[in-house]
Amino acid sequence: MDDWRQRLDAVWAEAEELGEQGTVDAIDSLVAERAPDDPEALFEAAGARDFAGREAEAEPLYRAALAQGLAEPERGQAIVQLASTLRNLDRADESLALLRDFLLAEPGHPLADAAKAFAALALFDGGLHADALREALDALAPHLPRYRRAVEAYAAALDDDH
């Protein structure tokens, strides 16, 4: 792990103590060491703004990081975090579309279950409560040592009309 990443990790480890603005300032200081189009730096700047509840500022930074070719594991994180940001900006449909595209392209991604959790939240925000619960249960079911089939069957039978 390089020095820059270690220093970033140290800031994130202290984020609660630093507070929102302190975290943004500390991350921005590290980001300034990199080129303006560095995808990792853009991703970190976006994450700091998300942490501070400044989603409208985070969105274009996430998009820029992805457009600049952000590599894994940060790429998957950026997609999930961007989807969460969109949801928080009251754009649940856009959030869900981003997550669906991600899951379709990479169903076995290590963050697939996290993507499904955020998809469930977007569905709930969109008023699709049965779909939201189904999404959450479908993500959970593969992790159940018992009752997997039953949970999958009950999830498939969910309907907002009942």
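In which helix do Asp3 and Arg7 both lie, and how many residues apart? Select Asp3 and Arg7: both are in helix H1 (residues 3-13), four residues apart, about one turn of the helix. Helices here are DSSP runs (H or I, at least four residues), numbered from the N terminus.

The model is predicted, so local features need pLDDT of at least 70 and side-chain atom pairs count only at pLDDT 80 or more, whereas totals for chains, interfaces and linings use all residues. Residues are numbered from 1 along each chain as its sequence is written, and side-chain values use heavy atoms, with hydrogens and water left out.

**First stop: helix H1**

Keep Asp3 and Arg7 selected. They form a salt bridge, with the closest N and O atoms 2.9 Å apart. The term denotes a side-chain nitrogen of Lys or Arg within 4 Å of a carboxyl oxygen of Asp or Glu. Asp3 counts as partly exposed because its relative accessibility is 46%, and Arg7 is partly exposed as well, at 30%. Buried means under 20% relative accessible area, exposed over 50%, and partly exposed in between (1.4 Å probe, protein chains only).

**Second stop: from H1 to H3**

Select Arg5 and Glu44 next. This pair forms a salt bridge whose closest N and O atoms are 2.8 Å apart. Arg5 belongs to helix H1 and Glu44 to helix H3, so the pair ties together parts that are 39 residues apart in sequence. Arg5 and Glu44 are both buried.

Move to Glu59 and Arg63, which lie four residues apart in helix H4 (residues 55-67), about one turn of the helix. Their salt bridge has its closest N and O atoms 3.0 Å apart. Glu59 counts as buried, at 12% relative accessibility, while Arg63, at 34%, counts as partly exposed. The structure holds 20 salt bridges.

Display helix H3 (residues 39-51) with helix H5 (residues 74-88). They pack at an angle of about 35 degrees, with axes 11 Å apart. Axes are lines fitted to C-alpha atoms, for helices over the stretch in contact, and angles run from 0 to 180 degrees between N-to-C directions. Select the residues making the contact (heavy atoms within 4.5 Å): Glu40, Phe43, Gly47 and Asp50 of H3, and Glu74, Gln77, Ala78, Gln81 and Thr85 of H5.

Definitions and conventions:
Helices (H or I, at least four residues) and strands (E, at least two) are DSSP runs, numbered from the N terminus.
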